[in-house]
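Hi there,

Here is the structure I promised to pass on. Have a look at it first, and then read my notes below.

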Amino acid sequence: MENRLTKLFREKRENLLNVYFTAGFPELESTGVVLKTLEAAGADIVEIGMPYSDPLADGPTIQQSNTVALRNGMSIKKLFSQIEAVRPELEVPIVLMGYLNPVLQFGIERFCEEAARVGVDGFILPDMPLHEYEEEYQPLFLKYNLSVIFLVTPQTSEDRIRKIDALTNSFIYLVSSASTTGNKVGGDAKQVQYFQRIQDLNLKNPKLIGFGISDRSSFQLACKYAEGAIIGSAFIKIIQQPENLEENIRGFIREVKAPEAVSA
Amino acid sequence: MKYSVDERGYYGNYGGAYIPEMLYPNVEELRQKYLEIIYEPAFQEELQGLLRDYVGRPTPLYWAKRLSEKFNAKIYLKREDLAHTGAHKINNTVGQILLAKRLGKTRIIAETGAGQHGVATATVCALAGLECVVYMGKIDTERQKPNVARMQLLGATVVPVTSGSQTLKDATNEAIRDWISNPEDTHYIIGSVVGPHPYPDMVARFQSVISEEVKQQLLEKEGRANPDYVVACVGGGSNAAGAFYHFLDEPEVKLVAVEAAGHGVDTGFSAATSVLGTLGIIHGSKTLLMQTDDGQIVEPHSISAGLDYPGIGPMHAHLWETGRAKFYSITDNEAMEGVVMLSRLEGIIPAIESAHALAALHRMELKPTDVVVLNLSGRGDKDLATIINYLDNIEKPHGEQTN
Ligand SMILES: Cc1ncc(COP(=O)(O)O)c(C=O)c1O
């Protein structure tokens, strides 16, 4: 099965930039603008956060964006219609990230069906148990040609990493350190050792490093040990102000990707 | 036992472990080891010793004569209010601190609502010489001030939580985030039968000492181990789980779970999860949960901080679904009347949480021959400010009740 994600990884396996933003933030109708600007600015993957009242794995910046988005009236249903409206103009792979409860209330089959219909390529559902995916949801995700992305942390055992690698067909989300989103990647010896250890496992799926990637130097560091990286909280800070949204996004992405642009 | 947890961590349709990968190694380690550790003879010996000499167990089973007269039934109070630190919460924290030491952990975190679990955790951390950080909603730090002072005196750091509803739900979120960031040295002592498996079962086992004692005590006093009713309040449900535990498979014992209706179940200011909740996921567990149609968690309300929670433990969701327990919801006002009633009738000032269980006696159709065991989960000292404020307001005409 092929979707925009798997196609991307067939064609490109280095310096991949995945940018996370919260749907409906800073304003309800920002979603489409942010999506379009990110693709134009050169993001390789876009990860859209579905806001939740209780985002357990997120630090203060993303929590706050979730609160604002919910106050703006954001919902899964609304998000699907926003994606549908801009999808024809876009090529970039879209991944939805969110907590399981709102998805279960929406209905998991209906969620997959709608996601596929509007052009979503995969999901990250951090609190979905691995065994539940295997036993219940996998056939559904396959039916709708949706990739599933699992997290790996410094504490995840090798057995479990191999199992995750076998279960997914897109990428592995390498959590940079024991932390919620938004903490800095320091690149200290322990962290580098962890990245190295994962690299040496020779997994079949590419790895994107996330949590704490905030700028050019942390992006470059991540790209040394993995096929790419995910920027979340730092990008949320960039789009906090609705004024000059597009300009700010372009400036930020240009800066993060600078060396590539220079060598090209 | 068909009401106990199954090997996959579920009570019927409820339970499981819905946690991000960052928590998986810690929760999995607990799952693999908790039963083995808890039932090791050396662990049991240490635990039983502490429960006896430090906590002051067994707590009395007290025949409340004037209360019995009022309701025309034979009512016993299980005096968890007399346990060290003033509530049942210590039964669980004593157990978990011994477990944490065996897991080699050096730092303890906890969430707290009323502050009773925070105090009970700070207490056992002082006892064990371990660092203690307690997350508490900012609103709760204000309405349970004496408990904040107690925790600090015991050497704990109290972190006021300003996200979301600033009560128990968000304190729990913040504790979970701390655990994500400190996976290696830290053990999270959850204060109720909530959270991912194995927490609900582990906490229920530590609290089950309540019903174990009741059985013996009732046999001595009544010549029978089983009462007609066991009544307990339910926030997350740990005191109820402990009070019900050894009666779950005794069908002649009717189990009564009492939730907080807040201003009333239809007012939008309530914490009556069995009435207002639907199947969902909260704090890593699939259970009944107060939520919007979009699956966003709703902010609850109760005058009692310990019941101000939008979910219930998965065991109770199962007891509700199967009809094994009957659920009542009691308003803030009814609970406060319960506080005054027990104070005046028996000379016992109950926690506002426990007063919800007392108020439910009015709803139950009791016969003179009925033997009722009501779990008096805690004492009311911590609630004095709220109680005084309430009494001041009702004495004034048009007085609006406040927190
Ligand atoms: C005295 C007392 N009773 C009851 C509760 C509610 O908790 P649970 O439902 O877990 O027993 C609390 C919680 O803080 C409490 O302090």
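The radius of gyration here is taken over C-alpha atoms, and the globule rule is 2.2 Å times the number of residues to the power 0.38. For chain A, with 264 residues, that rule gives a value near 18 Å for a compact globule, and the chain has 17 Å, which agrees. Chain B has 403 residues, so a compact globule would come out near 22 Å; its 19 Å agrees too.

Before going on, some ground rules: this is a predicted model, where local features need pLDDT of at least 70 and side-chain atom pairs count only at pLDDT 80 or more, while totals for chains, interfaces and linings use all residues. Residues are numbered from 1 along each chain as its sequence is written, chains are lettered from A and ligands numbered from 1 in the order in which they are written, and side-chain values use heavy atoms, with hydrogens and water left out.

Now the chains. Chain A comes to 13 helices and nine strands (DSSP runs numbered from the N terminus: H or I of at least four residues for helices, E of at least two for strands). Its C-alpha atoms fill a box of roughly 45 × 45 × 35 Å along the principal axes. Chain B has 16 helices and 14 strands, and its box is roughly 55 × 50 × 45 Å.

- A:Asn15 is not a glycine, yet has a positive phi of about 50°. You'll find A:Asn15 in the loop between helix H1 (4–11) and S1 of chain A.
- A:Phe25 and A:Pro26 are joined by a cis peptide bond, with omega about 0°. A:Pro26 is in the loop between strand S1 (16–22) and helix H2 (30–41) of chain A.
- B:Pro198 belongs to the loop between strand S8 (186–188) and helix H9 (199–207) of chain B.

And what surrounds the ligand? There are 18 residues around it, the closest being B:Ser192, B:Gly235, B:Gly237, B:Ser238 and B:Ser377 (a residue counts as near if one of its heavy atoms lies within 4 Å). That shell divides into five nonpolar, eleven polar and two charged residues (Ala, Val, Leu, Ile, Met, Phe, Trp, Tyr, Cys and Pro are nonpolar, Asp, Glu, Lys and Arg charged, and the others, Gly among them, polar).

Which backbone atom lies 3.3 Å from an oxygen atom of the ligand? That's an N or O atom of B:Gly236. For B:Gly237, a backbone N or O atom is 2.7 Å from a ligand oxygen, and a polar backbone atom of B:Ser238 is also 2.7 Å from an oxygen of the ligand (polar contacts here are pairs of N or O atoms within 3.5 Å).

Happy browsing!

How values were computed. Polar contact = N/O pair within 3.5 Å; in protein donor to acceptor, adjacent residues only side chain to side chain.
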